Structures are given as C-alpha cells and as structure tokens.
Amino acid sequence: MNKVVSGADEAVRDIENGATLMLGGFGLCGIPENCIEALVRKGVSGLTCISNNAGVDDFGIGLMLKTRQVKKMISSYVGENAEFESQLLSGELEVDLVPQGTLATRCMAAKYGMPAVWVKAGFGTEVAEGKESRRFAFQGEEGHYLLETAFNADFSIVKAWKGDRFGNLVFRKTARNFNDPMAGAAKITIAEVEELVEPGEIDPDHIHIPGIFVQRIFKGNNYEKRIEQRTVRKRG
Amino acid sequence: MLDKNGIAKRIAQELRDGYYVNLGIGIPTLVANYIPAGVNVILQSENGMLGMGPFPFEGDEDPDLINAGKQTITEIPGTAYFDSALSFGMIRAGKVDLTILGAMEVSEEGDIANWKIPNKMVKGMGGAMDLVAAAKNIIVAMQHVNKAGESKLLPKCSLPLTGVGCVKKIVTELAVLEVVKGKGFVLLERAPGISVEQIKNATAGRLIIEGDIPEMQLN
C-alpha cells in the first residue's frame, strides 16, 4: 500500500472547475499551504470551498480569492479579508455562513456516514430559515433542534504534522481543528504533512486519523505557518 | 462607572472552583486576568483546547498554538488538544459550565444579538450561535448603552438574533442584572458611584428593582 504522491501538484491533479472542496485549518493555523498554492498554479475555478475561514488577503484561501477561483465560501467567520469583502459586495462571490460547531459537525457527519444531524445552534435565528425543526426531550431538557445536512464534497484537503505511507495522521496542538473532522469527509482526502514517516514509526495509539480516511499523502515544503495575531508577554 | 477591566473583575467573581469556562473575544478575554485566588478554572478555547495558558514570552510563539481569537497562547500542565467537532460536542452536551461573551443587544427574555448589523459587512457568527444555544450558564459582558447613547438592554432585540432565551446574567459598566423569564432585567448590583436612577435611564427593557440594591464589591 502506497498512498504517497510526489507533491501538491500531483495531489490536486484531478480537481476540476466547479469542484466542492473542504479545506482544513482555523484562521491560518493548520491550513494546507502547499495544496492551496498548487490550486492557484493549476488555475481551477468555480470552486466551492468549505473552510472555517477564508484566509487573509495574501495568504491561505485569500490567494485563491485574489485569482477569482472561488465561487462560493461555506464558513463560520470571514472577517479578515478585504478581497473577500469586495467580491462579496460586487456579487462575484457567494457566502453561506454556518455556525462553527454546525460546520464542524456537518463535516463529521459526512465522515461518519450520517446524512444529517439535529443541532440546537441557530434555532430562532435566520440560520433556521427553511430548515426542518423538531422538539426533543434530551439530556434532561426539552428543546428545539434544527436538521442540518452532512456536506457532500469532492475533495477534502487537510494538513497534518506527521503521516505515514498508509495515510495514518497525527496533528499538532491547535492545528488539528477542522483538519480532523474533514479528513475522510469527502470522496477523496488529500493530506499534506510536515513529516512523512514509515508505517510503524508512529505509535498506533497516537494516531488521530486512521489511514483508511486518507487517499493521497505527501510531504509538504516551505511551511510559512503565518501567525495572524502575534500576542506575547514581557519576560521578567 | 466601571471600565472594561472593572467589568472583567466583577465577572471573575462568578467563577467557581472546578468550572470549565469559555471566554469570548473582547472584555470576556480580560476575565482570565482576575480569576480569584484559590479558584481553579479551566479555560476552553473552541478551536480545540482545554487548559489555555497565558500569552507566550516574546520569541516563544508557536503558530500551531492559538486561541479562538487567533492569538498566540501557551499550554499549561494538564492541557488537552482536540478537534473542532469534539470541541463543539463538549459545548453542545453542556460540559462547559460557563460561557462569557459580548453582545450588541440583549432582550428582557434573554435573547441575544451579537453577530450581524444589517447593511454592514457581515463577518459571520463564528462559534457564538453554538455556544449560546448550549451553555448552561451565559454571562454577557457589555456596555449598557451603545455609541449612539441607546440602551442595549431592550424589550426585544432589533438586530438579527444569535440565540433565543439564553442569557442568564449581564454585567455592564453600570450594573449586574439577572435575566428572569417572564419578569425582565432584575437589578442585582450597582457599579460604584452609580445610582438606581442612572441604571433606570439607561435600560429600555423592563427593569425590576426589588428592595435596596447593593453596590458591587470589587477586590
């Protein structure tokens, strides 16, 4: 078994115009930098991107916005991007805002083979418009829940810290975020990793994503790992 | 009248030993600076962490370690990392004891609006809708009136809602209030030097004043 591809360009080779992609990361933390750059080089357009955020103007998904490759964003928070704002106002870009937990759970549901889930978030708000709702007595409380459908994506593109030839993945700290529920949530999952190791080198008890969820893996290069908000305290 | 730090200090008095707490962006973040001695709380960051530590020392920043405000932070002994789905799973299942967040408006029924202003660029709700729908206990930290001088404590919210009937307590620069369904904003405490009259004038929703209203005890 060998899921290793030569690099980002090979990994994204069959992503075509109009595809629906999941892209891992929270803000700029844990984003699949190499694949985003490869998608920009490839020039595919009309993409629907499911991603918690939309990058910043010159990094992350912002790079794909600049080249007008994205038709629609499905996100929970998109505040850090002027390019995004101007394309949204001009009507070039569609955006579907989804509560963050619902976004993660709709990825998770796809990965777990469940077509929909009932969630409380958004009940009584405009997020509930057009959605089925139902009352459940659950965990000692009665409440209203909304039916939220699992995402149906063509490709899931995630970034992990370590991975092996079988596609087993390990994340690092808060870079795990959406990469975990997205890994395995689309027809094809592409994983880029900082370290590619041999099967057996990762303690089986430490694997976050079993390789069955990953179809392509490669060692990424030149990670910038840009920090969005550098906050520090003084020594002493 | 309290400043932002004063509001944070007063809210910190609501923390109890053993609480798991989610702090929103803005004034709620400042609450972490005033956790009372002897009270151990674990901070949850919804991007996937329990046991959030302070900002790193200069040079120790780790791009793989941020909070929900995308700020660089640190871990503490006992920190646990997890993914976004599990993070909102623990929020949804009511494991987080207290959520503290900001608001643009709160209604006397406990509805909250804090994510969208019509005709302005909408950035998104982030995790706010999930948090307010699920948390057992929600405290709102906000200014009593907006920049135009209008009350943010209303009979009904005018802005698009984030959640319905969920706010339990509000701490502003003027007062501490409890939201009691079917009653309104029950005034619990006045900020130092603030009169009941001033609070009345700044509150558009139904204000319930029962007996003498004590002044907040800070420190």
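The model is predicted, so local features need pLDDT of at least 70, side-chain atom pairs count only at pLDDT 80 or more, and totals for chains, interfaces and linings use all residues. Residues are numbered from 1 along each chain as its sequence is written, chains are lettered from A and ligands numbered from 1 in the order written, and side-chain values use heavy atoms, without hydrogens and water.

**Stop 1: the interface**

Select chain A and chain B. The contact (heavy atoms within 4.5 Å) takes 51 residues from chain A and 48 residues from chain B. Buried area is the accessible area (1.4 Å probe) that two parts lose on being put together, summed over both. Here it is about 4,400 Å², and carbon and sulfur atoms give 58% of it. Now pick Lys173(A), Thr174(A) and Arg233(A). They supply 16% of the area that chain A buries against chain B, more than any other three residues.

Next, select Arg230(A) and Glu61(B). They form a salt bridge, with the closest N and O atoms 2.8 Å apart. The term means a side-chain nitrogen of Lys or Arg within 4 Å of a carboxyl oxygen of Asp or Glu. Between chain A and chain B there are eight salt bridges.

Which element of chain A gives the most residues to the side that touches chain B? Select α5(A), which gives six residues. Helices are DSSP runs (H or I, at least four residues), strands likewise (E, at least two), numbered from the N terminus.

**Stop 2: a pocket**

Select Lys120(A), Glu141(A), Tyr145(A), Ala133(B) and Ala134(B). Among the 37 lining residues of the second largest pocket, these lie nearest its centre. On a 1 Å grid over the protein atoms alone, a pocket is an open set of points with protein on both sides within 12 Å along at least five of seven lines; a cavity is a set where a 1.4 Å probe fits but cannot get out; lining residues have an atom within 4 Å of a point. This pocket holds about 920 Å³ of space. Volume is the space filled by probe spheres set on the points, which are joined across faces, edges and corners. Colour β7(A): it gives the most to the lining, with five residues.

**Stop 3**

Go to Gly27(A), Ile31(A), Ser51(A), Asn53(A) and Ile61(A). They lie nearest the centre of the largest cavity, which is lined by 15 residues. Its volume is about 70 Å³.

Finish at the second largest cavity, with about 60 Å³ of space. Its lining includes Ile31(A), Tyr223(A), Pro63(B) and Asp64(B).
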